[in-house]
Amino acid sequence: MQKFHMRIAGEDCEARSGQWFESVNPFTGDAWAQIPRGGAADVDAAVNAAHTAFKSGPWSSMTASARGVLLHKLGDVFAANAEKLAELEVLDNGKLRAEMLGQMKYLPQWFYYYGGLADKVEGAVTPIDKPGMFHYVQYEPQGVVGVIAPWNSPLLLAIMKVAPALAAGNTVVIKPSEFSSASTIFFASLCDVAGIPPGVVNVVTGFGPEVGEPLVKHPLVARIGFTGSDTGGRRVNETAAKDFKRVSLELGGKSANIVFEDADLDAAARGAISGIFAATGQTCMAGSRLLVQRSIHDKFVEKLVEAVRKARLGDPSSPDTDIGPVSTPPQLDKTLQYIEIARSEGATCVLGGERSTRPGCEKGFFVEPTIFTNVNNRMRIAQEEVFGPVLAVIPFDDEDDAVSIANDSQFGLAAGVWTSDLRRALMLPKRIHAGTVWVNAYRVVSYMAPFGGVKSSGMGRENGLRTIYEFLEAKSVFINTVKREGNPFVMG
Ligand code: NAD
C-alpha cells in the first residue's frame with residue numbers, strides 16, 4: 001500500500017485530523033493507496049498559504065514573463081514524468097494506460113500555451129468621452145483560485161484550470177476527486193522541482209462535503225473552477241453565489257452523435273465507438289445518444305455491434321485492452337441500474353447489458369459494452385447521464401428531426417455530425433445547442449479550442465486565448481488632469 005500526503009505551502013502533510021482513506025484500483029478491486037482525509041482546517045491552512053503566496057513573496061512580485069518561464073519549466077518537468085503520472089492515474093481510475101499516457105504527454109502544452117500568454121495580457125488606454133480625463137484598463141489576478149476536479153481525467157481537468165490561473169498570476173488550491181488523488185499530489189511535488197514558489201500550488205485531499213464545500217465557502221477564495229456532475233456543480237454554484245464568487249462549471253452531458261445516410265459509415269462507426277466506449281464511456285463529452293438516419297439505421301447498428309463485439313476487456317495497463325473497468329463502485333452500480341431502467345422502459349438491448357464475467361475481469365468493476373436500440377428521446381436512458389459504456393441509439397427521419405432530437409436535452413456539452421454534405425457540415429453546427437460540435441470527428445480536445453457547455457452542462461469556457469481573462473479582473477482607472485467646476489452634487 002502506498003501512502004500519499006497533501007501538499008500545503010510546499011510541504012507534505014497529513015490531515016490535521018490524522019484520518020486517512022483508501023483508494024481502490026478498479027481493475028483489481030483492491031485498495032492500493034492511503035490518502036489523507038482532509039477537512040476544513042486543512043483547507044484553511046492551504047488557502048492561507050495560497051493567499052500569502054499571492055500577497056507577498058516571490059510569486060506576487062514576479063514579472064509576467066518570469067511566471068511564463070516557470071510555467072514552461074513546469075511543462076518540461078511534467079513531460080519528463082509523464083510515465084509515472086500515467087501509471088498513477090491508471091491505478092486510481094482504471095482508464096487505459098495508452099489514453100492516460102497520451103494525455104500526460106499532451107498536458108505540458110497547457111503550460112507552454114498559457115506560459116507564453118502570461119506576458120501578452122495587455123491593458124488599454126481608452127479614448128474616453130470625458131474632456132481632461134485619462135482612462136485606462138488594466139487586468140489583475142483574482143487571488144486564490146479553488147480548483148475542484150472529478151476522477152475521470154484527474155490531471156487534465158485540473159490543469160485546464162491551473163495553467164491559465166497561474167499564468168494570470170493567481171495561486172491555487174486543488175481538491176482532487178476522492179477517487180483519484182494520487183496524480184494530483186505527485187503533480188504538486190513537480191511544481192517544487194520546476195521552481196514554482198511554495199504556496200502557489202496546494203493540494204487538499206478528501207471528500208466533497210468535507211473539503212470541497214469549505215474550499216468554496218472560504219472567504220479568501222476568490223474564484224472556483226469546478227468540473228464534475230451537474231448535481232455537484234449546482235451545489236457549488238449556490239454556495240459560491242452567496243459571496244458573489246466567480247465560478248466556472250464544466251458539468252455533464254448527453255451528447256448527440258448524429259449519423260446521416262450520406263456519411264462515410266466506416267468512419268462514423270469508429271466515431272460512434274470513440275464517442276461512447278473509449279474511456280469506458282466515462283467522459284463528459286460521451287456521444288451517449290447515437291442518432292442514426294432511419295434509412296441506414298439497421299445496417300449501421302449491425303456494423304457497430306459487429307465492431308464492438310470484438311472489443312477486448314481487461315487490464316487497462318495492457319496494450320491489448322480496448323475497454324477497461326468503470327472507475328468506482330458507485331459508478332458500477334449506477335451503470336447497471338441504468339441498463340435495467342432502459343430495459344424497463346422498453347428499449348432493446350442488442351449488445352452487452354450486464355456486468356462482465358469474462359476471464360480476467362472477475363475482480364474489477366467491468367461492464368460489458370452495451371447498445372440499446374428502440375430508444376426514444378423521452379426515455380430516461382436518452383435524457384440522463386449514465387457515464388458508463390451504454391449507448392442509446394435513436395432513429396431520425398431528416399435534418400430537422402435530428403436537430404430537434406439533439407437539442408431536446410437538459411444538457412448541451414457537445415455533439416457530433418457525420419455527413420459528406422458540405423452544406424450540412426457548415427450549417428448544422430449553428431443549429432445545435434452545444435458548446436462543441438465535431439463534424440466527421442468525435443472527442444477531439446485542444447488547449448487552443450474553447451471547451452464548455454450550455455444549459456445543465458455548465459457555464460464558462462476552458463482552453464483557448466480568452467480563458468486567461470476568466471482568471472483576471474478588469475480594473476478601470478480614471479485620472480483627472482483638469483480643474484473641475486460645476487455642481488459636485490451632480491455626477492460629472
Ligand atoms: P462529482 O460532482 O461527484 O465530483 C466532482 C468533484 O466535486 C469531486 O472532487 C468531489 O469530491 C467534489 N464535490 C462533490 N460535492 C461537492 C460539494 N458539495 N462542494 C464542493 N465539491 C464537491 O463528479 P464526479 O463523479 O467526480 O465526475 C463525473 C462527472 O463529471 C460527470 O457528470 C461528468 O460528466 C462530469 N465531467 C464534466 C467534464 C466537463 O468538462 N464538462 C469533464 C469531466 C467530467
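Here are some notes on this predicted model, from the whole chain down to one loop.

1. Ground rules. The model is predicted, so local features need pLDDT of at least 70 and side-chain atom pairs count only at pLDDT 80 or more, while totals for chains, interfaces and linings use all residues. Residues are numbered from 1 along each chain as its sequence is written, and side-chain values use heavy atoms, with hydrogens and water left out.

2. The chain overall. You'll find 16 helices and 23 strands here; these are DSSP runs (H or I, at least four residues, for helices; E, at least two, for strands), numbered from the N terminus. The radius of gyration is 24 Å, close to the 23 Å from the globule rule for 492 residues, so the chain is as compact as a globular protein of that length. That radius is taken over C-alpha atoms, and the rule is 2.2 Å times the number of residues to the power 0.38. Along its principal axes, the C-alpha trace spans about 80 × 55 × 40 Å.

3. Two domains. Domain 1 covers 2-251 + 457-476, and domain 2 covers 256-439; such bounds come from an automatic or database domain assignment. Their centres, taken over C-alpha atoms, are 31 Å apart. To the contact, domain 1 gives 21 residues and domain 2 gives 29, with contact meaning heavy atoms within 4.5 Å.

4. What gets buried. Between them the domains bury about 2,000 Å², 61% of it on carbon and sulfur atoms. Buried area is the accessible area (1.4 Å probe) that two parts lose on being put together, summed over both. On the domain 1 side, Phe 27, Trp 151 and Ser 457 supply 31% of the area buried against domain 2, more than any other three residues.

5. Lys 363 and Asp 30 meet in a salt bridge through their side chains, at 3.5 Å from N to O.

6. Helix 4 (82-93) and helix 5 (97-106) are the elements giving two or more residues to the side of domain 1 that touches domain 2. Helix 4 has the largest share, three residues.

7. A loop to look at. Asp 264 sits in the loop between strand 13 (256-259) and helix 11 (265-276). A polar atom of the Asp 264 side chain lies 3.1 Å from the backbone nitrogen of Asp 266.

Terms used: A salt bridge is a side-chain nitrogen of Lys or Arg within 4 Å of a carboxyl oxygen of Asp or Glu. A polar contact is a pair of N or O atoms within 3.5 Å; within protein, one must be able to donate a hydrogen and the other to accept it, and residues adjacent in sequence count only if both atoms are side-chain atoms.
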